[in-house]
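Please look through the structure below before reading on.

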Amino acid sequence: MTNNRIIIFDTTLRDGEQSPGMSMTREEKLLVAEVLDSMGVDVIEAGFAIASQGDFEAVKAIAQVTKRAVVCSLARAKIGDIDRAAEAIKPAKQGRIHTFISTSDIHLEYQFKMTKEQVLEVITKTVKHARKFTDNVEWSAMDATRSTPEFLCRAVEAAIAAGATTINLPDTVGYATPGDITQMFKHTMGSVPNADKAVFSFHGQNDLGLATANTLAALEAGARQAELTINGIGERAGNTSLEEVVMTLKTRKDRFAFETAIDTTLIMRASKLIQSITGQAVQVNKAIVGANAFAHESGIHQDGMLKNRGTYEIMTPESIGLLKSNLVMGKHSGRHAFRDKLEELGFALGDNAFEDAFNRFKELADKKKEIYDEDIILLVDQDAISRSQRIAFDSLQIECGSEGPQIARLQLNIDGRKRMIKMEGNGPVDAIFKAIKALEPVAQECELKLYQVHAVTQGTDAQAEVTVRLEKQGRVVNGHGANVDTLVASALAYINALCKLELLEEKRVSHFSDHEDAAALSVTEAKQIG
Ligand code: KIV
């Protein structure tokens, strides 16, 4: 790799997924990883293998299928964590262990209760241990930006001497400014005697809205890896957004002489997928992927754009894969055309998945005259998500209107058995949700936190995409459903949320209890357990 090549490290599935309401199932994580891999992300941080059985399995499954990216698991500076991470990444073509410990005085005194000498010993021991499994080891100095420069340098030197090949200096609490970041990288890279033996990396949090600016400052100061998430999802105010950094590097080549391997035309697809899985729509004015990011409303701007797009457009919508709501096909389109369309949209489906998607496409085409690219993307993504569900939707009949009563007749297939119920409610959605609760007792223990509907495309026959957020004993999940009938989409979303809750519960086995002192856990980890 040349010295101006930036390594894009995506942590959507680890740091992004850790934030409230963002948890994803293994199947959803696999979908995201596939898009990241096709997009050209260099390193996918697939999870935190020791956090739960579900996390471990997700990292392992991603390691098994990822074609080109390095697959990475996070691990605290603990032998047990590192062993678990090593086991999870074993099937990967290229695997990385990412281990970390804090270096700031405040963390060491109050959270880790360790002296600096003890931290240095732990770094040496754990990085050496990680190197027994892979020669690709990343070490992070948690809370680097609030660490004393002298100790940070000693810690970095110890990590490199023990075999770390990537050194990450995170702004864990989102406190630093671009000037601080420039100083930290220049000082550390200039003072540590073995600094040339590792690639330096930056991981930013957006608490002060400076994460993208800080990441660019780190790259200008010598870092060659940027740790990012799609849509900037992550703890508190989020992480540095991948699309912002990558599009800045592409758009401002005059300022940043750097290259990435990212196919930017897949940015919108990745952004939509994360929005759909998490049910968290990005703000309309979000840079790059917000609904208004390429909308020119004012008369003077529109006038300029008609004369020459460059007058007000610094990058094209096509460069991020923004679809112009292309009318693609209708009910007469055949298998061949559908396969071509899937390929154009970046999907490579196996035979069974293709047949399922084609059947769903035909069903949709019967109900909706014009099928757009957005409809097809949603259909394929939703199909992959729902295939593994224990509870399947069969049919729904609704009686509603101003005179009432509102009644839902719902048939579900639960564990292979057809179950039917008639239920009255305060409105059709209430009737449907009550019907699901009556058929599936697990639903009675859940609290509805969010019910949200949005139209996938324009027009009155547009598909409705519904998000249902459920909470059970502090665990929050988002379920999704899409259909031309908003009420069917609502039932699908509720069922999807229930199944996700069950999946997460089944797989959650604590690996902390037997060998951990909760006081020694980082803020991040404490959230994972809580
Ligand atoms: O924010 C942070 O410091 C982290 C590290 C583990 C990289 O997430």
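N231 is found in the loop between β8 (225-228) and α10 (242-251); helices (H or I, at least four residues) and strands (E, at least two) are DSSP runs, numbered from the N terminus. Although N231 is not a glycine, its phi is positive, about 60°. Most residues other than glycine have a negative phi, and most peptide bonds are trans. A cis peptide bond, with omega of about -10°, joins G404 and P405. P405 has its place in the loop between β11 (391-399) and β12 (406-414).

The model is predicted: local features need pLDDT of at least 70, side-chain atom pairs count only at pLDDT 80 or more, and totals for chains, interfaces and linings use all residues. Residues are numbered from 1 along each chain as its sequence is written, and side-chain values use heavy atoms, with hydrogens and water left out.

The protein chain is divided into domain 1 (7-262), domain 2 (323-385) and domain 3 (387-507), with bounds from an automatic or database domain assignment. Between the C-alpha centres of domain 1 and domain 2 there are 37 Å.

Where does the largest pocket lie? Domain 2 and domain 3 both give residues to its lining, so the largest pocket lies between them. A pocket is found on a 1 Å grid over the protein atoms alone, as an open set of points where a 1.4 Å probe fits, with protein on both sides within 12 Å along at least five of seven lines; lining residues have an atom within 4 Å of a point. The volume of the largest pocket is about 1400 Å³, counted as the space filled by probe spheres set on the points, which are joined across faces, edges and corners. Its lining has 45 residues, and M268, K272, L322, E374 and V456 lie nearest the centre. Two or more lining residues come from each of α11 (267-278), α15 (373-386), β14 (447-455) and β15 (464-472). The largest share, six residues, is that of α11.

Around the ligand are R14, D15, H98, F100, S140, M142, N168, P170, T172, H203 and Q205, where a residue counts if one of its heavy atoms lies within 4 Å. At least two residues of this shell come from each of α1 (12-16), β4 (95-102) and β5 (137-142). A polar side-chain atom of R14 lies 3.0 Å from an oxygen atom of the ligand; for H203 the distance is 3.3 Å, and for D15 it is 3.4 Å. A polar contact is a pair of N or O atoms within 3.5 Å. The protein covers 98% of the 260 Å² of accessible area that the ligand has on its own, by the Shrake-Rupley method with a 1.4 Å probe.

Terms used:
Polar contact = N/O pair within 3.5 Å; in protein donor to acceptor, adjacent residues only side chain to side chain.
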